[in-house]
Amino acid sequence: LRNGDQLTVQGTSFDLASYAGVYLIGFGKAAAAMARGVEQVLGDVLKAGIINVKYGHLDQVSSKIKINEAGHPVPDEAGIAGAKEIVEFIKERNEKDLVLCVISGGGSAIFPLPHDGITLAEKQETTKQLLACGADIKEINAIRKHISKVKGGQLSRLVQPATLVTLILSDVIGDPLDSIASGPAAPDQSTFGDCQAILEKYHLSRKIPAAVAQRIQLGVQQQIPDTPKANDPAFSKTHNVIVGSNWEAVVAATNCAKQLGYQTLILSTFVEGCHCKRDPKDWQSYSCTSMCHFGW
């Protein structure tokens, strides 16, 4: 909400007049629609912006905001080019600037910037292997964060010394900030050791590209730094805000149903699909803990 020069984001106020410039970045399938909403609130206060979206996921925004289209769920060259452009854009900001970042589902793939020594093709192959083996979103993002320059809290490092406010549409159950879009502005709870365990769990160590496996191994051996954790100074001027989630959508649907005269009951907002790969005809072999058709 905006009242004059006061911008209030879930209880935290920002004095727009105290900033030399207000800028927008973003990535995800809904980033363009979110950018339109930000523009409607900020008006002329917003100076410029750059966002990455999935191909075809466009919306009406002003000429101040550049939209780059990119691949999802497998990242592509267009996504990397857009990510580099966003990074160069935020590197120009200083301690007197406010940067708003809109993030939505698909943000991890749509905002790809592999670490030095890892190519796009190697990142694509890694993503394909993780998707094919049945790894869940948290496991996939743990790997993504550790082969990226911008995920796992590293965006906050790049934005410094400007103030960063992320507006997040969560597509992850429980809304963990370090998992949504691979947590670009949140402290990372996962480690290189976790990544190694994921590779072993799904027998991927010899299936993923050698450069990716080598980077994870170097991290396990502490030869390269891990992603920033909660005590990192990069987060001193970062504010992460969930503006939409599964829970909020369910509550809104429940209230609407009640107004229409229906009796309602929220059973759960933590149901997720089964990732097991066993033969569905062999029901006795199942020990799945997800609420799939055999895991109740």
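Student: Which residues of helix H2 are called buried in this model?

Tutor: In this predicted model, the buried residues of H2 are Gly79, Ile80, Gly82, Ala83, Ile86, Val87, Phe89 and Ile90. They are called buried because each has under 20% relative accessible area.

Student: What covers the buried residues of H2?

Tutor: Strands E4, E5 (46-54) and E6 (65-70) pack against them, as do helices H3 (107-110), H4 and H6. H2 also lies across E4, E5 and E6, running at about 160° to E5.

Student: How do you know that the span of H2 agrees with its number of residues?

Tutor: The 15 residues of H2 should span 21 Å at 1.5 Å a residue. Its end C-alpha atoms are 21 Å apart, and therefore the two values agree.

Student: What does the span of helix H4 show when it is set against the expected value?

Tutor: H4 (residues 120-133) has 14 residues and reaches 20 Å from its first C-alpha to its last, close to the 20 Å expected. Just after H4, glycine 134 takes a positive phi of about 95°.

Student: What makes a set of residues a nonpolar core, and how many residues has the largest one?

Tutor: A set counts as a nonpolar core because its buried residues, of kinds such as Ala, Val, Leu, Ile and Phe, are joined through side-chain atoms within 4.5 Å. The largest such core has 27 residues, and among those with the most contacts inside it are Ile25, Phe27, Phe111 and Leu155. H2 gives the largest share of this core, six residues.

Student: With which residues is phenylalanine 111 in contact, its neighbours within four places in sequence aside?

Tutor: Phenylalanine 111 is in contact with Phe27, Asn52, Ala83, Ile86, Val150, Lys151 and Leu155. They are called contacts because heavy atoms lie within 4.5 Å.

Student: Why are E4 and E7 said to pair?

Tutor: Pairing requires at least two bridges; seven join E4 to E7, and therefore these strands pair. E4 and E7 run parallel, and glycine 26 has valine 102 in E7 as its bridge partner.

Student: What makes E6 and E9 edge strands of their sheet?

Tutor: The open sheet of six strands has the order E6-E5-E4-E7-E8-E9. E6 and E9 (238-244) each pair on one side only, and these are the edge strands.

Student: Where is the pLDDT below 50?

Tutor: The protein averages a pLDDT of 90, and 92% of the residues score at least 70. Over residues 277-296, however, the pLDDT is below 50. Where pLDDT is low, the predicted coordinates should not be read in detail.

Conventions. Residues numbered from 1 in each chain as written. Predicted model: local features only at pLDDT ≥ 70, side-chain atom pairs only at ≥ 80, totals over all residues. Heavy atoms only, no water. pLDDT = per-residue confidence, 0-100. Buried < 20%, exposed > 50% of the residue type's maximum accessible area, 1.4 Å probe, protein only. Helix = DSSP H or I, 4+ residues; strand = E, 2+ residues; numbered from the N terminus. Expected span 1.5 Å × (residues − 1). Axes fitted to C-alpha atoms, helices over the stretch in contact; angles between N-to-C directions.
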